[in-house]
Amino acid sequence: MQYALIIRESAEDFVRRGDPAYRDGWTAYTKALVQAGILTAGAGLTPPETGTIVRRKGEDHDVQDGPYPEGKEQLGGFYVIEVPDLDAALEWATRVPVSERGSVEIRPRLQTA
Amino acid sequence: MTSDAGRAAEKVARQSYGKLIAFLAARSRDVPAAEDALSEALAAALRTWPERGIPDNPEAWLLTAARRNLIQAARHRNVRDNARSMVTLAFEEAEERMNDVENAVFPDERLKLLFACTHPAIDRSMHTPLMLQTVLGVDAKTMARAFVASPDAMSQRLVRAKVKIRDAGIPFAIPEQHMLTERLAGVLSAIYAAYGLGWDGLDGEEDSRTGLTGEAIWLSRTLTTILPEEPEVMGLLSLMLYCEARRHARRDIDGLYVPLEDQDTGLWNEIMMAEADALLRKAGTFDCFGPFQCQAAIQSVHVSRRRTAATDWEALVTLYRALISMKPTLGAKVSHAAVIGRVEGAASALTLLDGLEQRAIASYQPYWAVRAHLLSELGESDAAAEAYRIAIGLSDNPTICTFLTGRLKAVISRSA
């Protein structure tokens, strides 16, 4: 099964991305996924301030500066991995180097026929 | 046929049903589809076996009955329905196994099902109902009564949990060694919760053999045969047997509640206590103490009173301390305070109770009952009466209510 590991980071985490100790953790984790041969997709994302939000307004579109103000955690990136079941996905999720202020959500990839 | 034979037939039917569900679900990961295939066969078995007797091969009987439903249902079904064909494939594998003379005994994979139902990704409050439904075929209506929910709400939550098992890819497997202890704790807690519900009489069954307490003991027995080397599994079974042994002593002839200390030890079931003792001793030989062994040990101290005519409160203090260090639940802390009350006096016990988190105790009935008892020992009748009233207000069991009301009256008359 394919699972997305959805990474959410706090504002402090986004600031710490320049910090080698934090960055190296992510590089090592990504390497480990590649090494295991289970990484099928993924991307790290720039901080939420760089985002732009488009919303449908009737026939028109409304363009706004990001990010969504609510929530202490913001989307930081994601991995898509191919593993046999949820327990295997959980095992990889527990290795993600998020800080105590961040989180990892595991979601199965939508199956399309 | 006698009702005992009827119950035996029901037991075999549910046992075989659970084995077949486990077999089908482990291969298709689709619990709802497995249940669809087998539920009518179970209903037919529960109808006919008590009258006509248990068939020689119960699993084969159920599969044959289910085969008819499956063919009928397939005619109405979309051919492209992938999940259904997974179950159909698993079904055919089961039939093949059944006809294979080399493998005469049908595989028992219920433990895998138990681990799936109590997976941490499933809402904790659904672990016990899910387990009871899939492994024992207990229907949603019975469960709704036991778990104080509307039948519709219970059905919906069960369906949601089963869809999650399928769609999230929750494995049907015995967890690897490094996860086993933690996951096993989830299975044991769910079984003990089923026992607790039956014990409180919330399932409306006074007869232990048909109520949830019986199902819980039975599941735990099954577990000891599948995992014979796990001391906590023995601990859980021992704990439940100690409690079960006292079942007939906890009500007097008028049906009124009798507290443990006042129970007639002659009414306790010697056979069950002997089995519980033996299990606890065997668990101890593995030298790996855990919360269920600890709770069983607490019960073993209580039942020793039948031989020594006295309760070893010091031993209970030690055991509750150990329990709190392993599993700091509110129940353990309140019980610890109660036994401290016996050893060091009511004042020390009240200090312990005062130290508990206020928000947690607000709706916890045992806290108020213990507090009321301690206050009345100190002669603080008004405060005791107040605490008894809160305890009565929080009780969901009429016999406990009657008992506490009696205590309340005694406190009021003493202060008057």
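Predicted model: local features only at pLDDT ≥ 70, side-chain atom pairs only at ≥ 80, totals over all residues.
1. Contact between the chains. On the chain A side, five residues are in contact with seven residues of chain B. Those of chain A comprise three nonpolar and two charged residues, with no polar ones.

2. Domains of chain B. Chain B is divided into domain 1, residues 1-108, and domain 2, which is made of 109-169 and 177-227. Between these two domains of chain B, 17 residues of domain 1 are in contact with 15 residues of domain 2.

3. The domain 1 side of that contact. Helix H1 (3-28) and helix H2 (31-52) of chain B are the elements that give two or more residues to the side of domain 1 touching domain 2. H1(B) provides the largest share, 10 residues. By residue type, this side of domain 1 of chain B has 10 nonpolar, one polar and six charged residues.

4. Length of helix H21 of chain B. H21(B) runs over residues 398-415; because its 18 residues at 1.5 Å each should span 26 Å, the distance of 26 Å between its end C-alpha atoms agrees with expectation.

5. Faces of H21(B). Its buried residues are B:Leu404, B:Leu408 and B:Val411. Viewed down the axis of H21(B), the buried residues fall within an arc of 60°, so they line one face of the helix. The face turned away from the buried side carries the exposed residues B:Pro398, B:Lys409 and B:Ser413.

6. Packing of H21(B). What do the buried residues of H21(B) pack against? Their partners are helix H19 (365-377) and helix H20 (381-394) of chain B.

Definitions and conventions:
Residues numbered from 1 in each chain as written. Chains lettered and ligands numbered in written order. Helix = DSSP H or I, 4+ residues; strand = E, 2+ residues; numbered from the N terminus. Expected span 1.5 Å × (residues − 1). Buried ≥ 20, exposed ≤ 12 C-beta atoms within 10 Å, placed from the backbone. Arc of directions from axis to C-beta. Nonpolar A, V, L, I, M, F, W, Y, C, P; charged D, E, K, R; others polar. Domains from an automatic or database assignment.
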